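Here are my notes on the model you sent over, as numbered points.

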Amino acid sequence: MAKRVAIIGAGCSGLTAIKCCVDEKLEPFCFERTDELGGLWNFTEKAREDQGSVMRSTVINTSKEMMCYSDFPIPKEYPNYMHNTQVWQYFKMYADAFNLIKHIQYNKEILSVKKSRDYEQTGRWDLQVRDHKTGSEETQVFDAVMVCTGHHASKNVPDFTGQDDFQGKILHSHDYKDLTGYTGKRVVVVGVGNSGGDAAVELSRVGQVFLSTRRGVWVINRISENGLPRDFNGRTRFNNFINHSLPSKYRADIAQKQLNKRFNHELYSLKPKHGIFSQHPTVNDDLPNRIATGLLKIKADIKRFTKTGVEFVDGTVEDNIDVVILATGYVFGFPFIDKSVIDVQKNKVKMFKYMFPPDLPKQTLVVIGFCQPVGAIMPITELQCRLATRVFNGTCILPSKYEMWADIGKKEAAMAARYVESQRHTIQVDFVEFMDELAELVGCRPNIGRLFLTDPKLGLMCLFATTTPYQYRLRGPGTWSGAREAIMTQTDRMEYPFKTRPLPEGTETQSSYRLLTLVLLVLVIAVLYQLFF
């Protein structure tokens, strides 16, 4: 009989968890407490408490080829940076294509997850389930549990001096949906992460905005050289190799100079003390343009509230403030799981690969998507699910408890050395490196050296072109027959939505990627010929 696996949440992590369970001959039961799939990307007119959601205007900041599931490319017709409605549509397409919806039970909330009485022998878990439609509660038993609730739900609300006396409106960015009702308002936005930057830019089109930041920030935009998506243009294995070969300060200096060519962060009052790689990046295409209009002004950290305004730590005051929006992030946690299993303290939690509690005698409970990648989260959650389901069915064996703790300690030390100390910087991972770590455990990490001998053109693409998720379907468990074609045509899908007007004859040029691939192919063949013939 197939093992019963409970999946908590039907967002981007929960959907791929269902599929991976089916792929590994496990029986999935997905519990979604709302009435729709999509999680964070299911836009709702009103915010739901402890339920992540996006603004009406939110556009994803990772490009489509980098954020898709590894065996389900996003259609070429879709833009490279999709509006939240298109992201949701993609999830719906994925669910429909693999017949996942039949495994989802909507309006079912998990109240508690506890070890069964026979856990030490079976690894089973008791889940208390509430049906929001009927109000009834029941306990169900499962062989394994996949927690797919994300980490953008419980609001982090700071407490400033005088805040209770402020006569204007205070809300968290979680509760901000669109600019309706903000025309002519004077607004302070606290926090210059992605949500704070997006809200500030949007509101500056209808009112006066003051964007408060404690440390400053380095701002990157979605589009890089030649108008290509930034993550598609630079996230290659070859670039990774070069970057790791250079001193971190040297790399930071180069990257900061590039960003300052777009706009001078010091001149725009945004420059922080720390380097670009010491903080999770803020992606915003319009921030410098709005600052240049004067309708968005950068301010220091808040010292205190007055009845009608805000005083900042540099002594300046902005009065007649109508609204303060706290874009101050989220508090991570799993209130339905006993603290003896997972205990989150100050947004820190110790889990192997950010998913396995290392001290569990039976590795039958995992957390999916509990990391903050410099890159897209969806391919990472998928690979975590591929690993977890193979652990559940016994085809993959994890390292010893001591090895897992050593890995956790190594990651904590690396994070402390690299990042500014903050509750925001506790679960950071680099996209390619972390994908490779997971793939090594699954057994699907691409073998670039072998590819150069057996399929040189594909090997070139995997080394020098964008490291897309399809690479993790070339070999090992879960191989996808369409992976090679998806890799070889990824540039075509990236370019397609740009080509909306036929150009006059004689103006078209050969794709730079195709030309580069051809040149590199010739070079590699020449090197291989010298080595082996």
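1. First, a term: a residue is buried if its relative accessible area is under 20%, exposed if over 50%, and partly exposed in between (1.4 Å probe, protein chains only).

2. Some housekeeping. This is a predicted model, where local features need pLDDT of at least 70, side-chain atom pairs count only at pLDDT 80 or more, and totals for chains, interfaces and linings use all residues. Residues are numbered from 1 along each chain as its sequence is written, and side-chain values use heavy atoms, with hydrogens and water left out.

3. Overall build. The chain has 17 helices and 20 strands; these are DSSP runs numbered from the N terminus, with helices being H or I of at least four residues and strands being E of at least two. The radius of gyration is taken over C-alpha atoms, and the globule rule is 2.2 Å times the number of residues to the power 0.38. For 533 residues a compact globule would come out near 24 Å, and the chain has 24 Å, so the two agree. Along the principal axes, the C-alpha atoms fill a box of roughly 75 × 70 × 45 Å.

4. Contacts and surface. Contact here means heavy atoms within 4.5 Å. Of the contacts in the chain with a separation of 6 or more, 68% are between residues 24 or more positions apart. The chain exposes about 24600 Å², and carbon and sulfur atoms supply 52% of that; the areas come from the Shrake-Rupley method with a 1.4 Å probe, and for residues only the protein chains shown count as cover.

5. Strand S9. Take a look at residues 186-190: S9 is mostly covered, with 4 of its 5 residues buried. Two strands pair if DSSP finds at least two bridges between them. S9 runs parallel to S10 (residues 208-212), joined by 5 bridges, and is also parallel to S17 (residues 323-326), over 4 bridges. Val188 stands opposite Phe210 in S10 and opposite Val324 in S17.

6. The crossover at S9. What handedness does the β-α-β unit of S9, helix H5 and S10 have? The unit is right-handed, with H5 covering residues 194-203. The term means that, with the strands pointing away from the viewer, the path from the first strand over the helix to the second runs clockwise.

7. Leu203. This residue sits in helix H5 and is buried, at 1% relative accessible area. Leaving aside neighbours within four places in sequence, Leu203 is in contact with Tyr176, Leu179, Tyr182, Val187, Val209 and Ile325. Leu203 and Gly184 are 19 residues apart along the chain, and their C-alpha atoms are separated by 9.5 Å.

8. Strand S7. Both faces of S7 (residues 144-147) are covered: Ala144 and Met146 are buried on one side, Val145 and Val147 on the other. S7 is joined in parallel to S1 (residues 4-8) by 4 bridges, with Val5 opposite Ala144. S7 is also joined in parallel to S18 by 3 bridges, and there the bridge partner of Met146 is Val366.

9. Asp71. Is Asp71 buried or exposed? Asp71 is buried, with a relative accessible area of 10%, in the loop between helix H2 (64-67) and helix H3 (84-97). Its side chain makes a polar contact with the side chain of Lys19 at 2.8 Å. A polar contact is a pair of N or O atoms within 3.5 Å; within protein, one must be able to donate a hydrogen and the other to accept it, and residues adjacent in sequence count only if both atoms are side-chain atoms.

10. Two backbone angles to check. Most residues other than glycine have a negative phi. Asn226 has a positive phi of about 65°, in the loop between S11 (219-220) and H6 (230-234), and is exposed at 73% relative accessible area. Tyr354 also has a positive phi, near 60°, in the loop between S17 and S18 (365-367), but Tyr354 is buried at 7%.
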